[in-house]
Structure formats: structure tokens, C-alpha cells
Amino acid sequence: LRRERGKTVVLCLEPEPGCVLETTQETIAFFKSHLFRGRGEEEGLLRRHLGVCFDTCHMAMQFEDLPRSAHLLASEGIRVAKAQLSSALSVKDPGLNPEGVLALKSFDEPRFLHQLRARTEKGILGLDDLGQLNLVGPEWQTASEWRCHFHVPIDRKAFPPLGTTQGDLAAAMEAFRKLPDPPDFEIETYTWGVLPEPERPKGVEGLVAGISREIAWARGCLL
């Protein structure tokens, strides 16, 4: 297609919480160890047509510095061909914030996995789904912050008493714009129908209004 029509198709691997590739460092190690091995023309084709789909919710969940992650991938010659613009839920000081913990539990639903990560003095702890929160030990209560894989509308800075990772998303978008080959941007909110009832859009008109607010917010960051 590229030779015949000038259209470049890029297959993107997407790091995901709890999967084989989860963090930026794991992604870089995989590309360097298993894909890019100095094969001359073959490696050039791989670097052109194989890259990363960078989901900002997934990476913010790991408490990564998203601009630094974007820079590291680019410095290794790994193409960020698509950036999925998404925002995770956040609970600050959960051990002292029972209201926030209760609010987070209201986002538990059966259709999708909603992985959790906790930032503690001993490192990052993880759960495979929000429904497992009742099984955690005391180290989770002393965490400075929990983050949950629930793609909330990106125009929302908070769902009081919960916060979001919107600030991380905005910083990532600015970093992506500065890359030599900026990615395609895609808003990745697919959870409208499983938001807690008070936050769920009412009918088609409510859904259109919610998506429009997301697009307007994203355009404001990019213009």
C-alpha cells in the first residue's frame, strides 16, 4: 500500500494493565529484544510499520511520567503511531478517604475489567479488577493514591470525591505534539453506558453532548 498508494499502515501494540506489556520499560525491552535486532532493511520496515498505541489511561495508571514515557519511546526509535486519549479515576490518601473509596466502588460493573494500582512506599501494587478491592491488605490503606482503569470522559477533571488523571493526559498530549512524527489522536471513552447511573448520559442527546464536550476539550489542548 505504501509503495502503490503512499498510505502507511502501522500495526500498534498497546500496553495494557495486567498484560504482557504493561509499562513503558517493558514495551521498550520487548521491542529491543524480540523485534529490532539490526537486520538492516528489515528493521527499517519494522520501525516504519510496527509501533505503539499509547493509551494515556493505561500508562497513567502505572503512575508513569507520561511525557517522559513518550520521550523514551521516541529515543529508542519506537514509533508512537496512535495516542488514545483517555483518563483514569484517582483516589488520593484512600486510608483517610472513606468517601472516596465508597465512590470508587460505585464504578464497579461486570462488563469490563477495571484494574487498580496503588502507589506505596514499597512500590506499585495491583489488582485485576475493582471487584477485588474488598480483599486487599493493610498496605493498600497506607498508599498515597489509588488509580483505577475506568475510561471516564476526558473533559472531567474530577468526579467528586474522586479525581481523574486528566492532568497527566494534557501533559502527554503536549509531549506527543513535539515528537518528530506525532501520532494520530483518538478519544478512547467507551464506558458511557456503564458509568454510575447519576453520571450516565440520558438518551442520544445526552451522549452526543458528552462526546462533544470531550472533543472540545481535546481540541482546546491541541490548538
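**Exercise 1. Arg119 and its partner**

Classify Arg119 by its relative accessible area, then describe its salt bridge with Glu145.

*Solution.* 
Step 1. Arg119 has a relative accessible area of 34%, so Arg119 is partly exposed. The model is a predicted one.
Step 2. The side chains of Arg119 and Glu145 form a salt bridge, with an N to O distance of 3.4 Å. The cut-off for such a pair is 4 Å.
Step 3. Locate the ends. Arg119 sits in strand S5, and Glu145 sits in strand S7 (residues 145-152). The two are 26 residues apart, and the pair links distant parts of the chain.
Step 4. Check the partner. Glu145 has 3% relative accessibility and counts as buried.

**Exercise 2. Count, compare, connect**

State how many salt bridges the whole structure has. Then treat the pair Glu197 and Arg200, and name the residues of the network that includes Arg147.

*Solution.* 
Step 1. The search of the whole structure gives 13 salt bridges.
Step 2. Glu197 and Arg200 meet through their side chains at 3.2 Å, N to O. Glu197 is partly exposed at 47% relative accessibility. Arg200 is partly exposed at 28%.
Step 3. Shared partners join Arg119, Glu145, Arg147 and Asp168 into one salt-bridge network.

**Exercise 3. The buried side of helix H2**

Compare the span of H2 with the expected value. Then list the buried residues of H2 and say what covers them.

*Solution.* 
Step 1. H2 runs over residues 24-35, 12 residues in total. Its first and last C-alpha atoms are 16 Å apart, close to the expected 16 Å at 1.5 Å a residue.
Step 2. Thr24, Thr27, Ile28, Phe31 and Leu35 are the buried residues of H2. They cover an arc of only 100° around the axis, so they lie on the same side of H2.
Step 3. The general rule is that an α-helix has 3.6 residues a turn, so residues three or four places apart point the same way.
Step 4. The cover over the buried residues of H2 includes strand S1 (11-13), helix H3 (41-49), strand S2 (50-55), helix H4 (56-61) and helix H5 (66-75).

**Exercise 4. Sheet order and strand S9**

Give the strand order of the open sheet and name its edge strands. Then place Leu162.

*Solution.* 
Step 1. The open sheet has 6 strands in the order S6-S5-S7-S4-S9-S8, with antiparallel pairing.
Step 2. Strand S6 (123-127) and strand S8 (158-159) are the edges; each pairs on one side only.
Step 3. Strand S4 (residues 87-92) pairs with strand S9 (residues 162-164) over 2 bridges, in the antiparallel sense. Leu89 stands opposite Thr164 in S9.
Step 4. Leu162 is in strand S9. At 2% relative accessibility, Leu162 is buried. Its contacts beyond four places in sequence are Leu89, Ser90, Val91, Gly100, Ala103, Leu104 and Phe107.

**Exercise 5. Backbone checks**

Locate the cis peptide bond from Pro160 to Pro161. Then treat the positive phi values of Phe63 and Asp93.

*Solution.* 
Step 1. The cis bond from Pro160 to Pro161 has omega near 10°. Pro161 is in the loop between S8 and S9.
Step 2. Phe63 is not glycine, yet its phi is positive, near 60°. Phe63 lies in the loop between H4 and H5. Phe63 is buried, at 13% relative accessibility.
Step 3. Asp93 is likewise not glycine and has a positive phi, near 45°. Asp93 sits in the loop between S4 and helix H6 (98-105). Asp93 is partly exposed, at 41%.

Terms used
Residues are numbered from 1 along each chain as its sequence is written. This is a predicted model: local features need pLDDT of at least 70, side-chain atom pairs count only at pLDDT 80 or more; totals for chains, interfaces and linings use all residues. Side-chain values use heavy atoms; hydrogens and water are left out. Helices (H or I, at least four residues) and strands (E, at least two) are DSSP runs, numbered from the N terminus. The expected span of a helix is 1.5 Å times one less than its number of residues. Buried means under 20% relative accessible area, exposed over 50%, partly exposed in between (1.4 Å probe, protein chains only). The arc is that of the directions from the helix axis to the C-beta atoms. Contact means heavy atoms within 4.5 Å. Two strands pair if DSSP finds at least two bridges between them.
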